[in-house]
Amino acid sequence: MKSLPQALRSTRRTAVAVLAALGLGVGGLVTLAAAPAAHADTQICDQYGSTTIQGKYVVQNNRWGTSEAQCVNVTSSGFQLTTADGSVPTNGAPKAYPSVYNGCHYTNCSPGTNLPAQLSGISSAPTSISYAYVNNAVFDAAYDIWLDPTPKTDGVNKTEIMVWFNHVGSIQPVGSKVGTANVAGRSWDVWTGNNGGNDVISFVAPSAISSWSFDVKAFANETISRGMAQSNWYLTSVQAGFEPWQNGAGLAVTNFSSSVSTGSSSTNGGASNGGTTSGSTSGGSTGGTGGSACKVTYATQTWTGGFTANVTIANTGSSAVGNWKLGFTLPSGQTVTSAWNATVNPTSGAVTASSMSYNGSIPAGGSQSFGFQGTSTGSTASPTAFTLNGAPCS
């Protein structure tokens, strides 16, 4: 039998995945009953019990790694662990993964979700999460992002992205530390490995984060750049919760929201504060190198105090554009907080988005896309003019 510390440390939180990693049968654990709708302060103590909140997310107890009691109190915006008895060795797998999610988990899909969705077709996937921590437990607070080469709705996916907002005790992610990275405007320690059932890449915060809004695509893009996923793979679910090893009563997700925009439209429940989608296009002028022409499509999703933008640069000319730089002016009050597939400097006013090493060429008739997330204290309007390598796209 494979040892728990190496095979199952911080692994997927379902009994199916654990038994599969150990080479044991899974019996009837694969099929989960459809989740009933939750009312405020619903109590779940069943091992794999689940319910829905806001008509669009699933909260699950998911006590897969222990026979001790565990209960979650489900609220309208998240959940709190009210009972988390017992402990397991900190050099092995955790007790459970109580969590809230958008998407599909072992055939149990959240109401109205548009996941699985192909990564290349997702323009943005904004999410927000707030945690409440306790001092008398050993745990990690993990935001999970699941990727698979197929639009899978059951079983273990190929790659698991774990974003560790906080961890207490001697626990550590799967595999080994391979370096650091700046993703979505924050610095992370990066770990990679395999838990016996799937590949895992973990982004570990140097200090505890209690609340944060970000775009899931930033972590997906970083994972692609490290060769652990591909742009034609599918995002199957995003999940936020806790992996407790010892105790855990009082740990809570106090707020969760998740939406996924495909193309220029936003579906799947939207952000909890009311997301909207808009777009503007400028096109048809000589720009860039080689006498190419450019067309820019700028699509946004906005909510109170924030927005995401997905930008596509089309080369309508006959020559390739190299080392592209797109210039535009953000309306007053808008500030960029993170970006993917480009660097954006400065963060407000007249900005320039510059290509990365892997997407610097736009072939004739081709396009490149990038995006960013920002805050807004005033206008949510889109820029009105763009320049490609100094020449206007009007």
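Strands pair here if DSSP finds at least two bridges between them. Glutamine 80 has alanine 252 in E18 as its bridge partner.

Before going on, a word on the source. This is a predicted model, in which local features need pLDDT of at least 70 and side-chain atom pairs count only at pLDDT 80 or more, while totals for chains, interfaces and linings use all residues. Residues are numbered from 1 along each chain as its sequence is written, and side-chain values use heavy atoms, with hydrogens and water left out.

Now the sheet around that pairing. E5 and E18 belong to an open sheet of 6 strands, in the order E1-E4-E5-E18-E10-E16, with antiparallel pairing. Strand E1 (42–44) and strand E16 (211–215) are at the edges; each has a single partner strand, so one side of each lacks a neighbour in the sheet. From one strand to the next, the twist averages 20°. Helix H3, residues 216–225, packs on this sheet and touches strand E10 (126–132) and E16, and its direction makes about 60° with that of E16. Contact means heavy atoms within 4.5 Å. The angles run from 0 to 180 degrees between N-to-C directions, with axes fitted to C-alpha atoms, for helices over the stretch in contact.

The whole chain comes next. The protein chain has 3 helices and 32 strands; these are DSSP runs numbered from the N terminus, helices being H or I with at least four residues and strands E with at least two. How much of the chain is buried? Of its 394 residues, 53% count as buried, where buried means under 20% relative accessible area, exposed over 50%, and partly exposed in between, with a 1.4 Å probe and protein chains only. Among contacts with a separation of 6 or more, 69% are between residues 24 or more positions apart.

Another strand to look at is E12, residues 159–168. In E12, 8 of the 10 residues are buried. E12 pairs with strand E11 (residues 138–148) in the antiparallel sense over 9 bridges; for alanine 141, the bridge partner in E12 is asparagine 166. With strand E15, residues 199–204, E12 runs parallel, and 6 bridges join them. There, valine 163 stands opposite phenylalanine 203 in E15.

Last, the disulfides. How many does the structure hold? It holds 3, a disulfide being a pair of cysteine sulfur atoms within 2.5 Å.

One joins cysteine 45 to cysteine 71, S to S 2.0 Å, and is right-handed, with 115° about the S-S bond. Cysteine 45 lies in the loop between E1 and strand E2 (50–53) and cysteine 71 in strand E4 (residues 70–74), so the link ties together parts 26 residues apart in sequence. Cysteine 45 is partly exposed at 36% relative accessibility, whereas cysteine 71 is buried at 10%.

Another joins cysteine 104 and cysteine 109, with sulfur atoms 2.0 Å apart. Cysteine 104 is buried at 7% relative accessibility, and cysteine 109 is partly exposed at 31%.

Cysteine 294 and cysteine 393 are also joined, S to S 1.6 Å, in a left-handed link with -115° about the S-S bond. This pair links distant parts of the chain, strand E22 (residues 293–303) and strand E32 (residues 391–393), with the cysteines 99 residues apart. Cysteine 294 and cysteine 393 are both buried.
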